[in-house]
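This report concerns one predicted model.

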Amino acid sequence: MFPYVLFDLDGTLTDPKPGITQCVQYALRCMGIEEPDLDKLEPFIGPPLTDSFREFYGMDQEQAAEAVAKYRERFSEKGLYENEIYPGMKQMLEKLKTAGCHLAVASSKPEHFVKKILVYFDIDGYFEVIVGSELDGTRCQKEEVVAEALRRFFPDGNIPCDDIVMVGDRKFDIIGGREMGLHQIGVAYGYAPEGELEAAEAEYIVNDLDELERVLIRQGKQNAGMK
């Protein structure tokens with residue numbers, strides 16, 4: 001069993017596609033760009049918003065910052081709740097806590113919104129540590145978020161890396177966890193493009209919550225090679 005489990009939020013604990021894609025669509029429209037196909041906006045699920053607006057729509061830093069502000073304008077009122085917890089997730093979190101695991105959320109989404117979403121789905125009580133980015137755009141890279149989660153878990157700096165796993169659906173989660181010396185589990189039910197988790201060399205890749213639970217609890221880290 002992994003005594004410490006860090007979860008990504010979007011695409012890992014919850015399915016945020018309707019809220020994120022519609023808020024991106026709104027932000028783009030405010031910037032004079034029409035994108036009617038919400039499926040094309042799925043790549044925005046996971047990485048920092050500023051990076052995505054720059055990468056996918058060629059915005060400079062100032063334009064990207066304006067787009068992020070427009071995104072949050074809608075997200076704070078509507079998009080936050082256009083979201084669904086994955087079926088069976090709450091039950092799995094309950095099993096993990098009962099088994100003695102220490103749980104955390106490590107998300108690139110602003111911490112203010114992360115906490116609101118966890119409260120909305122009534123799962124905030126499962127997590128001892130909840131970390132996100134700052135609203136001013138700092139601490140938005142996954143390795144920075146993971147580092148802060150570890151700092152809050154282990155303020156004395158004695159981090160038992162072999163007992164900790166990062167769980168996420170995108171390469172950013174896998175790379176961020178590995179850079180901090182942690183085990184990593186990629187969840188293929190999220191929003192990674194085909195082959196992304198494999199290319200990121202995730203230590204484990206699971207297809208659904210049953211497989212994830214087997215890696216985290218039932219089989220343990222020695223026997224669950226599910227690449």
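Which residues of helix α5 (residues 111–120) are buried? They are Glu111, Phe113, Val114, Ile117 and Leu118. These residues lie on the same side of α5, because they cover an arc of only 160° around the axis. The elements that cover them include helices α3 (61–75) and α6 (142–153) as well as strands β4 (102–110) and β5 (129–133). After α5 comes Asp122, which has a positive phi, near 60°.

Turning to the aromatic residues, the structure holds 13 aromatic pairs. Two of them, the pair of Phe44 with Phe56 and that of Phe153 with Phe154, are set out below.

| Pair | Centre to centre | Angle between planes | Geometry |
|---|---|---|---|
| Phe44 and Phe56 | 5.5 Å | 55° | tilted |
| Phe153 and Phe154 | 5.7 Å | 40° | tilted |

Phe44 belongs to the loop between α1 (17–30) and α2 (49–57), whereas Phe56 is part of helix α2; the pair therefore ties together parts that are 12 residues apart in sequence. With a relative accessible area of 3%, Phe44 is buried. Phe56, at 37% relative accessibility, counts as partly exposed, because that class lies between the cut-offs of 20% and 50%. Both Phe44 and Phe56 belong to one aromatic cluster, which they form with Phe53 and Tyr57.

In the other tabulated pair, Phe153 and Phe154 are both buried.

Conventions. Residues numbered from 1 in each chain as written. Predicted model: local features only at pLDDT ≥ 70, side-chain atom pairs only at ≥ 80, totals over all residues. Heavy atoms only, no water. Buried < 20%, exposed > 50% of the residue type's maximum accessible area, 1.4 Å probe, protein only. Helix = DSSP H or I, 4+ residues; strand = E, 2+ residues; numbered from the N terminus. Arc of directions from axis to C-beta. Contact = heavy atoms within 4.5 Å. Phe/Tyr/Trp six-rings, centres within 6.5 Å; stacked < 30°, edge-to-face > 60°.
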